[in-house]
Amino acid sequence: MHVLKTRSTALCLASALSLLFLSLPILSVPGIALAGPANMSLHEYFVYRDKVQDLGGAKLELGKWDYHDENGHWIPVPRLLRGKISGPGVVVSAPFNGFNPDPGWTRIVVHGTYNSLEVRGAEDDGSLRGKPGPFDAFVEMKDGSIPQNLANAQYLSYRINLGPGDQVQGIDLVMTREIRDRHPRLLVDDLDSVRQRCMGALSHQCEMNSAFANSNHLTDPLSNYDDSKLARVAKVMAFEYMMKGTKVHADRVRAILLELASRSRQHWKDLHDSIQDLGLGWIGLSWMLALDWTWPALEETPGDLQKIVDGTVVFVDYLLEMYKHTDFNNHFYLGRSPVILAGLVLFGEGYRDDKAGEYLDKGLDFLFNHEHPALNSVAGGDGGWHESLGYFDGEMGYPVFVDMDGLRTASGLDFFQDSSFFRTLPYWYLSSTVPWDKTLVHWADQGKDRWSKALDGSESEGKNTRDYMTGVVKNLRRLHYPEAELGQYLLDDMIGTYYDSSGYAESYYKVAHMNDVLFYEPGAPARPLEDKPSSRLFEHLGEIIMRQGNSRSAPMAMFACADFRGGHQQSDNGHFSIWYKGYLAVDSGYYDHWGSDHHMNYARRTIAHNTLTITMPGETFTNTSYNDGGQNFTCDTSYYNLPMENTDCDACDMTLTTNQDPYFDFIHADLTKSYSSDKVDLVTREFVWIRPDSFVVFDRVESTDADYKKRFLLHGQGQFNKSGDTYYVDDGQGRLFVETLLPKAPEVVQIGGAGHEWEVDSVNYPPSRGQEFAGTHRLEISPPAPSRFDLFLHVMQVSDQSASSMEPSTSMEAGNAVAALAGDWLVWFAKKDRLSSLEYEIEWHKAQHVIVGDMEPLGVYVVETGKARQVKRADQNGVLYFLDKENGKHVVRIGPAGGEVEIPETREADAWLEQEKEENADALNSEQSADADAAKIPDTGGNTEEPAAISGLNGSCGCASFGSHGNGSGMFSLPWLLFLLSLVAGKNRLLGRTAPKHGAKRGRR
């Protein structure tokens, strides 16, 4: 029986949580009517600390999701334990974005007791969307009503004065907005304009969609399809109807949706057991789009439409019931993504308005208080997702985008303007693309996936990304973000447009070229990353990506040091990967599937990574019975919370120093909290890349027991071959050399080869797929005798396979310092704690680059090199660089500068640097190969320099045939000098940034 349909002119949002519908600006879309005004609330219930700017003495207790009742029993729908702020104190909120230039603020509702409430407003800062400019002065509010002059302020901030005993559990910032009345509501700004796109450059994509819609899928019995394929077919048929208005396709959608709507709750529960919430999420996405896009045709048979709506309610209710993942797990995003879409489709239609309001409430709560802040908190201002590129691609990118863009087109609510995650996503993708073979950085449960530009559809990699990246780029372009051009390059040059030889494209989750038709703009401005050396600390993500450029022969490295959020992260802090004409330092293992023997016992464990293990007998780890001596995250990630609020999840702190002239990277990482406190007191790693081809890795490990075996791990894609004191491994056309300087006379074990590639405790765990990418051998390097405190010092060098040896290297010691000497570079580290001064003797006959780590941050030092004297400042991470130009045997002294010493503001301002360029041009220049690839990193096997003697004040060592670092490398060739001079002239821009990213996460040392 048909329920009389009414068009609601106001949206009444009353839910169990009494919260959350966001600002909805009026759309100016030809031919589209708008519903009347609706009260919508940004509800703050204190779960993310970054929404409170200043507590002013008040106490903040964060809220969380809870999955159990008071007796510990699982409850079907989680309850939100709200956070609270307790007085006394003056609390100032962070800016609340109205997500519209004219939000229409009406009032603020405070849940709790307080003395006084004030509010202030701000507009967009004009330079970057999603950032507020200066705020007006606070204005006191007597009755909670927003002053008229602040009603259209894009941002609001409140200030609450709390007395003793006062407590506030939540804040509602209420707006009056509008919502689109007619369909289609989702993903379509203007239907006529979309239809016109099929008449031009996108005609082929439209033809492919039509080919699918008019194939056997139009007539085959529905019993031939499972639910996933039914929903997918319905979406394509609905798209064809929306584009052409053809009744036959609408009838097919009606039949499919009636079939899906006939399923019971028990059916969805049983199906969930086999395809999980991910599979149900994909069904729901297609279902809601199909329902929206064919709504006008479905209205012609109101009885059938009522059945479809009722069945939709059964399905969406089950999606809410099965919720059980945190904000930092990909299942949350896909499994719950259809909820808000259902609310948008059903709103105001008179069939199930009660449920529409509930779904909007819950869906907007998920988006505003969970998905949006979680994504931004991981990405920060730099980009990234901790579960890897692959898991954002496969399970999250499309549903998150559809939710945000569907909300925007249905209501005008624009989350994209405030999404640092989506804004930085193209940069993260391009930064994570390996120049050698266009694979993606293998990290976490990311396989060695490759961007594909195949025009015949023969390769699937990249299609998942294209399905939502087209829409992301459209929104970035709409907001005038420069990253839109990076995204367009990703679409055009990295992925490429798919023209399918089979007539149309079918994929399990998404079908054909619909999103190209909706979003893609052929010929839009596109640009790659700048083809020059760069370094980027993705600070919140816990990853550093270092690139030499974009050419196929450009080296690349990454370093991992992340807080633990769960999901598809691995126990890999301190891991590094290195690429040069091949994959040389390998993140071994392959994510074949969740819970496999290979995944649980090897791939996600520390043993599979280029980091450190400390084996304490009897230690146990989750999901494996083996003790690899690795990292053990003990924090609770089973509930919703911001990880930095749980100190057990604060697993790793990292800083990056990038020196541009000359270019080197210096990473300091404190890994101590990544390991059980029962077995370690200190674990740190310092990783130095001396561009373009040398790496120094220095580790300090202090165990609680001398007998706990320590191992430095290095994985390769082939066998490590021994040559004198060095080992080397090959892949592709590249070669990686490694030499252990400390400990002296180490114990070296190589594990690998057929039947031993992924071995733990003499048991091999091969992956069910991806064996060709998962590494085959590893070196385990250990001290020769038990000790509580050990130092590891390694020098590595990449080269072509024509090189028979690496440049000689040696270690030095002086007091509390230890150094690696590699070519023309001397890199000092503190054995423990920090260095206050340093003195050593050296004999050298050319200019020498000296890096001293572990100094006092921003400390000012007098550097005496023989007779020369310089005043230098360490950077904010305590890294000091200077050039030692003294010839012959001399003493170098570094000590704190007195207050009377004039301090240069920057190293570039020092006159001696300019003088050095002239006086030492011959010493710093090297031959440049005619071969462009070889010019980057040539054969470094030959040396012509005379032997040099080096001695520390507290120890000595000798070495022979010390050549100029990178002899023939072109590192200081004429182009390099011109580049350095351009930096001195003020052009020190790094990948579009005005300065290199230096940052410290809480700086624990």
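Is L187 buried or exposed? L187 counts as buried, at 2% relative accessibility, where buried means under 20% relative accessible area, exposed over 50% and partly exposed in between, with a 1.4 Å probe and protein chains only. The model shown in these views is predicted: local features need pLDDT of at least 70, side-chain atom pairs count only at pLDDT 80 or more, and totals for chains, interfaces and linings use all residues. Residues are numbered from 1 along each chain as its sequence is written, and side-chain values use heavy atoms, with hydrogens and water left out.

**View 1. Whole protein.** The protein has 19 helices and 43 strands; helices (H or I, at least four residues) and strands (E, at least two) are DSSP runs, numbered from the N terminus. Of its 1005 residues, 64% are buried. The accessible surface comes to about 34200 Å², and carbon and sulfur atoms hold 48% of it; accessible areas come from the Shrake-Rupley method with a 1.4 Å probe, and for residues only the protein chains shown count as cover. Among contacts with a separation of 6 or more, 73% join residues 24 or more positions apart, contact meaning heavy atoms within 4.5 Å.

View 2. L187 sits in the loop between β13 (167-177) and α1 (191-197). Its phi is near 70 degrees, a positive value in a residue other than glycine. K581 belongs to the loop between β17 (576-579) and β18 (583-585). K581 is not a glycine either, and has a positive phi of about 55 degrees. With a relative accessible area of 5%, K581 is buried.

**View 3. Packing of helices α7 and α8.** Helix α7 (residues 302-321) packs with helix α8 (residues 330-346) at an angle of about 145 degrees, and their axes are 9 Å apart. Axes are lines fitted to C-alpha atoms, for helices over the stretch in contact, and angles run from 0 to 180 degrees between N-to-C directions. On the α7 side the contact is made by V309, V316, L319 and L320, and on the α8 side by G335, R336, P338, V339, A342 and L346. By class, this contact has eight nonpolar, one polar and one charged residues; Ala, Val, Leu, Ile, Met, Phe, Trp, Tyr, Cys and Pro count as nonpolar, Asp, Glu, Lys and Arg as charged, and the others, Gly among them, as polar.

**View 4. Side chain of R536.** R536 lies in strand β14 (residues 534-538). R536 is buried, with a relative accessible area of 7%. A polar atom of the R536 side chain lies 3.4 Å from the backbone oxygen of D382.

**View 5. Two cis peptide bonds.** The bond from D661 to P662 is cis, with omega near 0 degrees. P662 is in the loop between β20 (653-660) and β21 (663-670). The bond from R691 to P692 is also cis, with omega near 5 degrees. P692 is placed in the loop between β22 (680-690) and β23 (694-703).

**View 6. Surroundings of S836.** S836 is in the loop between β35 (825-830) and β36 (838-844). Leaving aside neighbours within four places in sequence, S836 is in contact with Y861 and P896. The C-alpha atoms of S836 and D854 are separated by 8.8 Å, and the two residues are 18 residues apart along the chain.

Notes: A polar contact is a pair of N or O atoms within 3.5 Å; within protein, one must be able to donate a hydrogen and the other to accept it, and residues adjacent in sequence count only if both atoms are side-chain atoms.
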